[in-house]
Structure formats: C-alpha cells, structure tokens
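Hi,

Here is the structure I promised to pass on. Please open it first, then read the notes below it.

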Amino acid sequence: MATMLDVSLRAGVSKATVSRVLNGTGQVKESTRQQVFNAMEELGYRPNFLAQSLANRTSNSIGLVVSTFDGFYFGRLLQQASRQTESHGKQLIVTDGHDAPEREEQAVQMLADRQCDAIVLYTRYMSEKAIMKLINSVPMPLVVINRDVSLARDRCVFFEQQDAAFKAVDYLISQGHREIACITVPIHTPTGKARLMGYRQALEKHGIVWDDRRVKYGDAGMTRGYELCRELLSEKVAFSALFACNDDMALGSSKALHQAGLRIPQDISLFGFDDAPSAKWLEPALSTVYLPIDNMITTAIDQAVRLANHQPIETIPPFTGTLMLRDSITTGPYYASK
C-alpha cells in the first residue's frame, strides 16, 4: 500500500509539502499541488482522512446543500464540487434541500452538527433574511451559491441572470425580431424574476411595447414548455421568435412548433437558456445561454476553504453568461442590413 513518503518521492517534493496539499494549509504552488495529486493517482494512494481529522482537529470535509439531485445542471455541479473538494484534500458531504427553505435550513444544521469545516448552500427560494440568519448562526463558514445576498457579498457566488436574458433577447431584436414571445421558469423564484426582467429590459431598450399575450408563465420542464407553446399558437399570438427561459422549456416548445407545421428557424426562431447537453443535438441546434456552473462551484468551494483556513478573502464579482449561437435563429421580418 502506498504511503505519504511514496507520494513525496514520486512527486519530487517533501512529505511536509504533501501534507500541506492534503490538508489545504500553507502556501503551495498550483503546479506543485497538481504534481502531488498526479503522484497520488499513479500510486493509488488514499489519504487517511480520519487520522488527519484527529491530528488537525477538523473534519476534513466540506458540506454541500443542493436544491435537488435531478437534471444535468446539478449533475455538473456535483461532479465539479467533488473534484474541487478533493483537490483541497477534503471530502465532500452532499445533502438534498428538496427545493424548500425549511428543508435547506435543516440540511445546513445537519452538516454543522457533523462539524464540516465549511458549508456551501445552493438555494433558489430561501429569503435573504433567512440566509443571513444562517451565516451568522452556524459555527463554521457558510458560502451561498446562486444568490446575491447584499449584506454578505463576500459569501456569495452568483450569476447575472437578468443581464444574460437581456443579451439573448437583445440579440433576437438585433436580428430583426420585434414580436418575441417568452416562456418563463418559475416566476416566484429570484431566477425566474430576473430572467423575465432581462426580457422586458431588452424590449424597453428598443421601444417595443410589452404584450401580456406573448408571456406565458411556466415551470422548468419540457412538458410545460410544450403546453404553453401550444397555448401561444392556439391563441393566435403573433411572434417570430420565442425566448424560453431554460433549455427544457425550449425543447418542449420545439415539439409544439413542429407539430403545428412550423419550421425552426425559418418560421420561428428559438432561444433557450442554460446550454444543456441536449441543446446542440436538437435539430436544428438550439441557441442558448451558457451558464458557467463549473466555475461557480469551483469558486464557491475555494472561498469556503479559504474561510475555513482563516485566510483573507475578497468579494467575488458576479459571473456572466455567454451566448451560444447555433442554428435555431435566423433573421426576422424587421431585419435591415447595416
């Protein structure tokens, strides 16, 4: 069985350096850290986390509360969270908040009882007041992902939802679309509100009048996207482009459009949000917004570890989206070449 000494010899560093890498303490260059992890992988070395915990009087773990385990989005988040936690020589303990603030609070308290070194909370519904109460009450550092908490900006890792939606709709307008329908994700969430506000902001920028008939309030699933797109069509609402506030709703909408004999993008341009793996495989490939969840959870884990190690931290700038322009968009009836 490989030992820490074997790892240090293979990596060409001292045992003390290997220990600092595993414990996430001290200053170690990223290239050196990678050498150590490569050596561990080559030798099949598994650190004794229990022994480390006893020696360092820490649990050597990071707690993570997620809204749900469903879908590609949280799959990506969990995979990257696990990798990044391991890179700090710690274990990841994950629990499901069941998309309910009360259950999320209970999950945070459970992780606190397990003496996690720090906790990362992903929440969609919890109020800012409740988040601040947790930050101030749990005995270990708490970092929040997916929410902008104005009173604790150094504890937040969040995404500019409104700006990303604005850019998507602004692009549609720049391509000559002025009659743009929108299908929202749950509107009682901060994410749902922000994405709808981005849609509205783009219309206002170009002097396009808001039309309630073109907005349908959805959930987050393909079935509802399909049903609401059919409603738009049955109500004979005029639109040359459809902005769906997530990719699943866009995929459901695409089926409704095809069944109605409408072609994408020749008859209706279609724009999604999230850049799900399925987006590029839709025929035609779906234009969407890439949300950098990998970088966001990596940053949240790093911030949590720094806090746990009593290292200085800085406020993290908001993350921004990238438009992934594919084949589901074409020029609209008001397009004019410049």
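**Notes on the chain**

The chain carries 36 positive and 37 negative side chains, and the centres of the two sets are 2 Å apart. Lys and Arg count as positive, Asp and Glu as negative; His and the chain ends are not counted. Each charge is placed at NZ of Lys, CZ of Arg, CG of Asp or CD of Glu.

Before you go on, two points about the source. This is a predicted model, where local features need pLDDT of at least 70, side-chain atom pairs count only at pLDDT 80 or more, and totals for chains, interfaces and linings use all residues. Residues are numbered from 1 along each chain as its sequence is written, and side-chain values use heavy atoms, with hydrogens and water left out.

**The whole chain**

There are 12 helices and 11 strands. Both are DSSP runs numbered from the N terminus: helices (H or I) have at least four residues, strands (E) at least two. The C-alpha atoms fill a box of roughly 70 × 40 × 35 Å along the principal axes. Of the 338 residues, 54% are buried. Buried means under 20% relative accessible area, with a 1.4 Å probe and protein chains only.

**The sheet**

Find the open sheet of five strands. Its order is E2-E1-E3-E4-E5, with parallel pairing. Strands E2 (91–96) and E5 (156–157) are at the edges with a single partner strand each, so one side of each has no neighbour in the sheet. Helix H5 (residues 71–87) packs on the sheet and touches E1, E2 and E3. The direction of H5 makes about 170 degrees with that of E1. Such angles run from 0 to 180 degrees between N-to-C directions, and the axes are lines fitted to C-alpha atoms, for helices over the stretch in contact.

Now look at E1 (residues 61–66). E1 pairs with E3 (residues 118–122) over four parallel bridges; pairing takes at least two DSSP bridges. Val65 stands opposite Leu121 in E3. E1 also pairs with E2, over six parallel bridges. There, Gly63 has Ile93 as its bridge partner.

Is E1 buried or exposed? Six of its six residues are buried, so E1 is largely enclosed by the rest of the structure. Ser61, Gly63 and Val65 lie on one side, and Ile62, Leu64 and Val66 on the other.

**Helix H7**

Which residues of H7 (residues 128–137) are buried? Ala130, Ile131, Met132, Leu134 and Ile135 are. Their cover includes helix H6 (101–113), E3 and strand E4 (142–145). Contact here means heavy atoms within 4.5 Å.

Best wishes

Technical notes:
Buried < 20%, exposed > 50% of the residue type's maximum accessible area, 1.4 Å probe, protein only.
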